[in-house]
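The tour goes from one selection to the next.

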Amino acid sequence: MSKVSALYHTVFCTKHRRFTIPEAYLEDVYRYIWSETRNLNCKLLRIGGIPNHLHLLIDLHPSVCLSDFVKTVKAKSSYWMRRDDRFTAFDGWAREYFAATLSVDCKSAVVGYISSQKEHHCKVSFDDELVKLHIDSGVAYDDRDMRD
């Protein structure tokens with residue numbers, strides 16, 4: 001049997017980075033995304049965020065490519081949220097996303113980072129966080145990224 005570890009720290013945000021996910025229902029969104037992740041035979045190791053963006057730490061199944069995973073999770077969760085009265089302000093996810101691979105050595109640090117998103121964003125803006133994630137991952141950043 002093949003053994004694969006494909007850890008990705010993935011971030012996607014709401015359209016125009018608006019705060020359109022009520023904080024009271026973030027846990028419901030997490031559960032929905034966890035279910036969709038499982039349906040794709042992937043493992044959701046941690047999910048967290050605030051009302052305008054989510055962080056996921058996933059272990060991607062070798063039969064699933066990252067872009068298909070994100071496309072499916074965003075499409076299905078968007079479809080569900082747009083039809084649920086609890087998410088009346090939600091108008092979809094931004095088209096783009098951020099993702100970086102991780103070594104197993106970084107896993108627990110990223111789990112902690114994702115778990116503390118609410119506290120983290122009391123001190124750091126999402127814009128600043130996104131810039132730092134790009135720099136730390138060696139990915140080019142453009143301030144127009146992940147807006148629509």
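Which residue with a positive phi follows helix 1? Select Asn 41: its phi is near 65°. This is a predicted model, where local features need pLDDT of at least 70, side-chain atom pairs count only at pLDDT 80 or more, and totals for chains, interfaces and linings use all residues. Residues are numbered from 1 along each chain as its sequence is written, and side-chain values use heavy atoms, with hydrogens and water left out.

Next, select helix 1, residues 26-39. Helices (H or I, at least four residues) and strands (E, at least two) are DSSP runs, numbered from the N terminus. The expected span of a helix is 1.5 Å times one less than its number of residues. For the 14 residues of helix 1 that gives 20 Å, which agrees with the 20 Å between its end C-alpha atoms.

Now show Phe, Tyr and Trp. Rings pair if their centres lie within 6.5 Å, taking the six-membered ring of Trp; planes under 30 degrees apart count as stacked, over 60 as edge-to-face and the rest as tilted. The whole structure has five aromatic pairs. Select Phe 12 and Trp 93: the ring centres are 4.9 Å apart and the planes at 90°, so this pair is edge-to-face. Both residues are buried.

Finish at the aromatic cluster of Tyr 25, Tyr 32, Trp 80 and Phe 87.

Technical notes:
Buried < 20%, exposed > 50% of the residue type's maximum accessible area, 1.4 Å probe, protein only.
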